[in-house]
Amino acid sequence: MQHHEEMYEVNPFKPKEGSMVDELAVIVAILVGWGLLNFGFQALLSLLAESATGDGMLTRLTFLSFPFHFWFTGQFLPLWFVVLCVIFNLYTDRVTERHSHRRDRTYE
Amino acid sequence: MSDSGANLWPIIIVAGVLTSFIVVGLINKSREGSDYLFAGRYIGRIGGGAAIASNWMSAASFLGMAGLIYLKGYFALAYVIGWTGGYVLLLVLMAGQIRRFGKYTAPDFVGERYGSSTARIISAVVSIGISLIYIIAQLKGIGMIFGWLFGLDYSRGLLLGAGAIISYVVVAGMLGVARNQQMQYFVLIVSFIVPLMYLAHSLGYFWLLPQFGYGVAIQDLAREFQVNLSAPFANGTLFQWVALCFTLMVGTAGLPHVLSRFYIVPNVRDARWSVAWGLFFIALIYWSAPAYAVFARLMEASAGMPEPSASARQMADIIVIRSAVMGQVPVWMVGILAAGATCAAFFTSAGLLITGASSFSHDIYYRVLNPHASEGSKMAVAKGATLVLAAIATLCAMKPPGMIAEITATAFALAGNTIFPAFLLGIWWGRANGNGVVAGMLTGMVLTFAEPLFGRIFPLAATIFPLTSSALCGAPIVILVIIIVSMLTPPPPEAMRQFLAREVHGRLERS
């Protein structure tokens, strides 16, 4: 039988064993961190809003003398995105190295 | 402000900076003999990052973003987030795979991946449309700056600025001037931060890192003048904020001139790292932009104008420069700031004019209209297309349809609704085919302009697909259309599916 010769069709919901599984795991993790902190925080702001303009607990708190939500969105989130990129790159670098060491054919 | 006459020193500084770019470009050229569009030599990860950042910085980042924060406060932070968060999507979903696929312009990728010349033409048309909308926004910035520099009204400033850009493109093309993007980033960051430091210092705020020291100014505005710039939903609902932010993100990951950056780096690993550096360099400027807006509001409020007047709203797009003038920043420093803004708008428009025109001559004229065209006639068509594109953009910019950042956001919406889904599924789903992508991109084009097209008849269309923010609902619909149509029609050629599995997803890196 030509079981191992069967053509693989690229599909993130049916990843190929080896490199693609690892690649997808880190992608999903990064995307969750990306979406939660960004869109999740805006949703939280809206949940905690006490007036039509959205003032509430998070807008009264201050951090580094900024209103907390302004600091979080305007300053922390861009930094967070840079951090996510660095994590993704470090992880991908490591996985690549580890597998090329093991001579795993799928990582060649 | 525009009737205060010409500003001599700023004119000299702006002219000097632009000339120095041409001189440095000529020196680079004789040393490298590099390609005009994708300046050649390998420059390392940090240099690659600086190139990504300067390629990205346009009038929308340099001027438009602060202008919208000045008017809309927290709501406009959606631009800061959208235009940085998009790079995360670009990095994790596409950067490495595009590098491994080996096609870097949107029409080349779409045409090759889907094996469909119809798809290639549509993505070329979309790319040209994106370039055109983007250039209109840049021209608005240039028109306002030139108007201020020379003490002219907006339309004369615009004509002068457009003339300058076209002459630059012609001269640079004839002399073969290389684009030095590292130097460009250096000019941008210095010209943006130094005046801001001066401004923070003279207003009595923490000036050493002004981008992190303006928090007190936000609180002073609220306490002393009852101006609440930080109210989250004062200028838009949660849906509007998220829709705008998401649109800018997917647009970033689908913008043709951003996708083509992966050509200059030699391997996948450096491509990934240069994206991370590029994002950091972009963030350096985006952390600072809100400070200009906040300081401007503070100075106006102290002068007895807590809300921007109608004439101040008109000039909001150059609030960065106006706030430096209001804060009595030395005139030479204002000149440097104006030079930075001019560079950002100037080189972006020049680059997009060339890309748009070469897309027309290569993907439409050569591939479709006249496959036997000689190199000479392709060049002639490209030159003609540059002029036509510039003329159309100038005409549209005469009556700008919105703020610089808003016009640009429309280009992002178009990219997010068409090119982003085409790349995403092209990379991640082997079964996506030409019919699917053609149907999807056509749907995306219609959805992008749903507000002006159907907004009057179906008010719901205007709510769900706002012109600047249509991709939150648009991109998922387009993705669905591509999937459904692909499933109903025959799969793409076997060779392409195997190439995707073996080359694009077969390994993490190429040594």
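Let's start inside chain B, where the side chains of B:Glu307 and B:Arg297 meet in a salt bridge, 3.5 Å from N to O (a side-chain nitrogen of Lys or Arg within 4 Å of a carboxyl oxygen of Asp or Glu). This pair ties together distant parts of the chain, ten residues apart: B:Glu307 sits in the loop between α13 (268-302) and α14 (310-314), and B:Arg297 in helix α13. Helices here are DSSP runs of H or I of at least four residues, strands are E runs of at least two, and both are numbered from the N terminus. B:Arg297 is buried at 3% relative accessibility, while B:Glu307 is partly exposed at 49% (buried is under 20% relative accessible area, exposed over 50%, partly exposed in between, with a 1.4 Å probe and protein chains only).

A word on ground rules: this is a predicted model, where local features need pLDDT of at least 70 and side-chain atom pairs count only at pLDDT 80 or more, while totals for chains, interfaces and linings use all residues. Residues are numbered from 1 along each chain as its sequence is written, chains are lettered from A and ligands numbered from 1 in the order in which they are written, and side-chain values use heavy atoms, with hydrogens and water left out.

Another salt bridge in chain B joins B:Lys378 and B:Glu375 at 3.7 Å, N to O. Both lie in helix α17 (residues 375-398), three residues apart, about one turn of the helix. B:Lys378 is buried at 13%, but B:Glu375 is exposed at 58%.

Now for the interface. Here 55 residues of chain A are in contact with 56 residues of chain B (heavy atoms within 4.5 Å). Five salt bridges run between the two chains. One of them pairs B:Arg269 with A:Asp93 at 3.3 Å, N to O.

B:Arg100 forms a salt bridge with A:Glu23, their closest N and O atoms being 3.8 Å apart. That pair crosses between chains, from helix α4 (residues 77-101) of chain B to helix α1 of chain A. Both partners are buried, B:Arg100 at 6% and A:Glu23 at 7%. The side chain of A:Glu23 also makes a polar contact of 2.8 Å with that of B:Gln97 (a pair of N or O atoms within 3.5 Å; within protein, one must be able to donate a hydrogen and the other to accept it, and residues adjacent in sequence count only if both atoms are side-chain atoms).
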